[in-house]
Amino acid sequence: MSPSAPAPDRTHRLVPSPAGRIHLVEQGAGPLVLLLHGFPESWYSWRHQLPVLAAAGYRAVAADVRGYGRSSRPADPAAYRMLELVEDAVAVVHALGEETAVVVGHDWGANIAAHAALVRPDVFRAVGLLSVPYTPPGGPRPSEVFAGMGGDDEFYVAYFQEPGRAEAEIEPDVRGWLAGFYAAFSGDTQPAPGAPDPHFLSRGGRLRDRFPAGRLPGWLGERELDVYAAEFERTGLTGALNRYRNMDRDWEDLAPCFAGAPITRPSLFVGGAADASTTWLADAITAFPDTLPGLLSSHVLDGCGHWIQQERPAEVNRLLTDWLAALPA
């Protein structure tokens, strides 16, 4: 960004959505780029991208996904199914007075972005996926897959799916739990090879028992941790965790019409080489010629963990702006 042409200031807004409201942060003017975060994050995870996209001539909008921050948090867990979140994204585009947008997501936000482009290609003209590659709907029921993972240990997704259980671990010490969770999946602080895997927990144990202790990752200072912790201390974690509690519902909703379906819109993938989302889903990346036939570029960043746009903001910003500039008009 040129110091002679600074990006305009960020603006916070509330816009209507099917669940009530979506909180978003907007910066810049031009074609709309909608940014969707993952777990356990917020619009703030895009703080490095907003000014750069604005300076590059885009209207960059980072939303708090349903269940997070100042966005609505419905009480019914079924309100967090994927199709509901896609409709939230559509509602944001229309509330901003636009007909179409580019959608970019990280972690669960990547899944939402992918399905938004799959289900509503009339609204989402291109899709960028960070950390989590696209896998088409279908296959075996997710809960059955997760139940069979880990052997004597329990997979974290199965743990998160039981209402109230993870909340009981996290909410007495939100800040400490978040610090450990972020460190466990960052490229510079994740456990060494051979250490107990923090994607799993001992039966009857806690996920945090396997988190690194006493060190924050390089991308996360005390101030940044304070921002995340303050939001979750205010809202609790149930809204965020309810996304995990809808994976079987998503399978039931999407598989009948979209089993095996490719995303044909122009796309981008950026993953971290030190991220299990990239290594465990290597077959999904290999399948991109079939599942993402509109893929314009795909990148895996050496040494990078899961929090990719915060761990490597300069690289991600360059990849995003180069990809956006290459999109068909």
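User: What's the strand order in the open sheet?
Analyst: In this predicted model, the open sheet has eight strands in the order E1-E2-E4-E3-E5-E6-E9-E10, and the pairing is mixed. Strand E1, residues 11-17, and strand E10, residues 295-301, are the edge strands, each pairing on one side only. From one strand to the next, the twist averages 20°.

User: And E3 with E4, parallel or antiparallel?
Analyst: Strand E3 (residues 32-36) and strand E4 (residues 59-63) pair in the parallel sense, and five bridges join them. Within that pairing, Leu-34 has Val-61 of E4 as its bridge partner.

User: Which strands does helix H2 touch?
Analyst: Helix H2, residues 82-95, packs on the sheet and touches E1, strand E2 (20-27), E3, strand E5 (101-106) and strand E6 (124-130), with its direction at about 115° to that of E1.

User: What about H15, where does that one pack?
Analyst: Helix H15, residues 313-326, also packs on the sheet, where it touches E3, E5, E6, strand E9 (267-272) and E10, and its direction makes about 175° with that of E10.

User: Switching topic: how many residues are in the largest nonpolar core?
Analyst: That core has 100 residues, and Phe-39, Phe-124 and Phe-160 are those with the most contacts inside it. Helix H3, residues 108-119, gives the most to this core, contributing eight residues.

User: So what does Phe-124 touch?
Analyst: Leaving aside residues up to four places away in sequence, Phe-124 touches Leu-34, Ala-89, Val-90, Val-93, Ala-101, Val-103, Ala-116, Ala-117 and Arg-265. Among these, Leu-34 is the residue whose bridge partner in E4 is Val-61.

Technical notes. Residues numbered from 1 in each chain as written. Predicted model: local features only at pLDDT ≥ 70, side-chain atom pairs only at ≥ 80, totals over all residues. Heavy atoms only, no water. Pairing = 2+ DSSP bridges. Helix = DSSP H or I, 4+ residues; strand = E, 2+ residues; numbered from the N terminus. Axes fitted to C-alpha atoms, helices over the stretch in contact; angles between N-to-C directions. Contact = heavy atoms within 4.5 Å. Core = buried A, V, L, I, M, F, W, Y, C linked by side-chain atoms within 4.5 Å. Buried < 20%, exposed > 50% of the residue type's maximum accessible area, 1.4 Å probe, protein only.
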